Every structure is written in C-alpha cells, then in structure tokens.
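I opened my notebook to work through one model.

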Amino acid sequence: MTSNNKTSRTVGKNMDRIMELLSKLRFYGMLETYRNDCRTTSSDGMTNDEFLKWLLESEYDYRRNVSIERLIKSANFRYKAYMEKIDYTIKRNLDRNQLERLASLDFIRDGQNVFITGSSGTGKSYIASAIGYEACKNGIKTLYSNASKLMGQLKIAKNKGTIESEMKKIEKCQLLILDDLFLIGLDARERSILMEIIEDRHGLKSIIITSQLPVESWYDAIGDPTVADAILDRIVHTAHKIELTGDSVRKINAKKK
C-alpha cells in the first residue's frame with residue numbers, strides 16, 4: 001500500500017511538472033490536451049509515438065487557430081461573412097462555379113484582382129468579405145477597408161508625414177479589399193494615393209474592389225485621363241469580374257420575414 005501511494009505521488013508530481021513546463025514553454029495546445037487526458041484517460045491504449053503525435057497535432061491546431069483569429073482581427077472586417085453562407089437562390093447573376101474557383105484563392109497566389117459590381121444591397125461587400133475570411137483561414141494576411149474612409153485616413157497621414165508607414169502596412173497584406181470604391185469621385189490627392197497602391201501591388205498582390213459603378217464607368221470616376229489609363233491598365237486585364245444584378249438582398253430577405 002505504501003509503495004502504491006508513493007508511486008501515485010511520484011506520478012502526480014511528474015504530471016504537475018510536465019504541465020508546468022508546457023505552460024512555461026507556451027505549448028498551450030499540448031497543455032490543454034495533456035490536462036484533459038489526465039482527467040479522462042483518452043490516451044489509454046496509445047503507443048508512445050501515437051501519444052506524442054496527438055500532443056503535437058493539438059499544439060499545431062491551437063497555434064493555427066490563434067493565427068487565424070489574429071489575421072481575422074487585423075483584417076478589420078466590417079462584419080462576419082462565410083463562403084458557405086452565400087445565398088445562390090437569389091437571382092442576381094451570381095455564378096457558383098466562379099465563386100468556388102475564387103474560394104480556392106489561386107487568384108491571390110497569381111497576384112490577380114477581383115471586381116464585384118452591382119447596385120446597393122446586392123451583396124457585394126458580403127461576397128468580398130467572405131473571400132477575405134477564406135483567405136485569413138488559409139493564413140493569408142488580408143486588409144478590409146471602406147475605400148472612402150481609407151483615402152481619408154491616408155490623406156491625413158500624408159499631411160502628418162506618416163504616409164509611408166501607412167502604405168507599408170497596406171503593402172504587407174497579400175489581399176486588399178477596397179469596399180465601395182468610386183462611390184464618390186476621386187480628388188487629385190486620392191488619385192495619387194490610389195495609383196501608388198495599385199503600382200505597389202501590380203502583378204504581385206491582389207485587390208478585391210467592390211463598386212456600385214460598372215467597370216466601364218471607372219475611367220470617368222478617377223477623373224484624370226492619364227491617371228485613369230495608368231490605374232485601369234494595371235488592374236483590369238487579368239481581373240475576375242462579378243457583375244451582380246437584381247433587387248437588394250436586404251429587401252428580399254425582409255419580405256420573406
């Protein structure tokens with residue numbers, strides 16, 4: 001009996017020490033799995049190799065989830081959106097096959113762009129954000145921004161002399177989502193800023209642009225023919241285009257209730 005008690009105390013001390021070390025090493029996924037196993041004996045029957053693999057997989061999953069959460073938070077999405085929740089039953093010229101191809105994220109790996117156009121309420125922002133969420137889930141650094149707000153922030157940064165650091169933050173993102181671009185025509189400083197963003201990303205990193213204006217009207221919205229030619233020449237030719245039609249999704253859903 002004494003021997004059994006001594007063995008139990010030794011095992012208990014070893015477990016406590018293991019959990020202490022896992023915590024100090026910040027192996028939080030392994031720690032949680034090990035702690036739960038101490039309560040449930042889930043690893044009974046596992047070989048040493050299987051148990052170690054189980055712990056390592058737990059740590060990998062934990063770190064991946066933390067990384068995804070961090071990417072989603074830093075992306076600054078306006079709202080949550082998911083590819084699997086996109087409604088294809090509403091008639092709005094939405095091609096499911098095209099969306100599934102975009103969800104593969106090959107366009108980002110190839111440095112291509114996506115244009116989503118359509119009237120207010122047709123779901124442009126939701127689709128763009130859903131693609132952005134998918135990118136974050138796959139470890140791709142993403143930034144979502146309302147285009148007008150971003151331009152305003154960058155103009156302020158230019159006045160303060162901090163424009164370079166702000167542009168570097170944008171440049172680091174593999175996917176930039178500019179929501180509601182050209183809702184208001186660009187002024188001279190905004191044209192210059194947009195041109196710089198486009199130039200930095202051309203052929204290297206992707207942009208998703210949503211706009212109520214059809215692509216053929218973007219030239220006039222930019223305002224300066226020379227700048228418009230330079231911008232559109234860099235983003236239009238290899239872009240994937242989604243042209244939404246029909247009534248506002250919000251109105252349609254409201255009628256269903």
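**Entry 1: terms and ground rules.** I wrote down that buried means under 20% relative accessible area, exposed means over 50%, and partly exposed lies in between, with a 1.4 Å probe and protein chains only. Helices (H or I, at least four residues) and strands (E, at least two) are DSSP runs, numbered from the N terminus. I noted that this is a predicted model, where local features need pLDDT of at least 70, side-chain atom pairs count only at pLDDT 80 or more, and totals for chains, interfaces and linings use all residues. Residues are numbered from 1 along each chain as its sequence is written, and side-chain values use heavy atoms, with hydrogens and water left out.

**Entry 2: strand 4.** How many residues of strand 4 are buried? I found that 6 of the 6 are, across residues 206–211. Next I checked which way they point. S206, I208 and T210 face one way, while I207, I209 and S211 face the other. In a regular strand the side chains alternate between the two faces of the sheet.

**Entry 3: the sheet.** I looked up pairing: two strands pair if DSSP finds at least two bridges between them. In which order do the 5 strands lie? The order is 2-3-4-1-5, in an open sheet with parallel pairing. Strand 2 (142–146) and strand 5 (240–243) are the edges, each pairing on one side only. The twist from one strand to the next averages 10°. Axes here are lines fitted to C-alpha atoms, for helices over the stretch in contact, and angles run from 0 to 180 degrees between N-to-C directions.

**Entry 4: bridge by bridge.** I followed the neighbours of strand 4. Strand 3 (residues 175–179) runs parallel to strand 4, joined by 4 bridges. L176 stands opposite I207 there. Strand 1 also pairs with strand 4 in the parallel sense, over 4 bridges. V114 has I208 as its bridge partner in strand 4. I then turned to strand 5. Strand 1 (residues 114–117) pairs with strand 5 over 4 bridges, again parallel.

**Entry 5: S129.** Is S129 buried or exposed? S129 sits in helix 6 (residues 124–137). Its relative accessibility is 0%, so S129 counts as buried. I listed its contacts (heavy atoms within 4.5 Å). Leaving aside neighbours within four places in sequence, S129 touches F77, Y79, A81, Y144 and I177.

**Entry 6: helices.** Helix 4 (residues 96–103) lies across strand 1 and strand 5, at about 140° to strand 5. Helix 7 (residues 147–160) packs on helix 9 at about 100°, with the axes 10 Å apart. That makes helix 7 roughly perpendicular to helix 9. Helix 7 brings M151, L154, K155, K158 and N159 to the contact; the helix 9 side includes R189 and E190.

The axes of helix 8 (residues 163–171) and helix 9 (residues 188–201) come within 10 Å and cross at roughly 45°. Helix 8 and helix 9 are therefore oblique. M167, I170 and E171 of helix 8 meet I193, E196, I197, D200 and R201 of helix 9. By class I logged 4 nonpolar, no polar and 4 charged residues. Ala, Val, Leu, Ile, Met, Phe, Trp, Tyr, Cys and Pro count as nonpolar, Asp, Glu, Lys and Arg as charged, and the others, Gly among them, as polar.

Terms used. Parallel < 35°, antiparallel > 145°, perpendicular 65-115°, else oblique.
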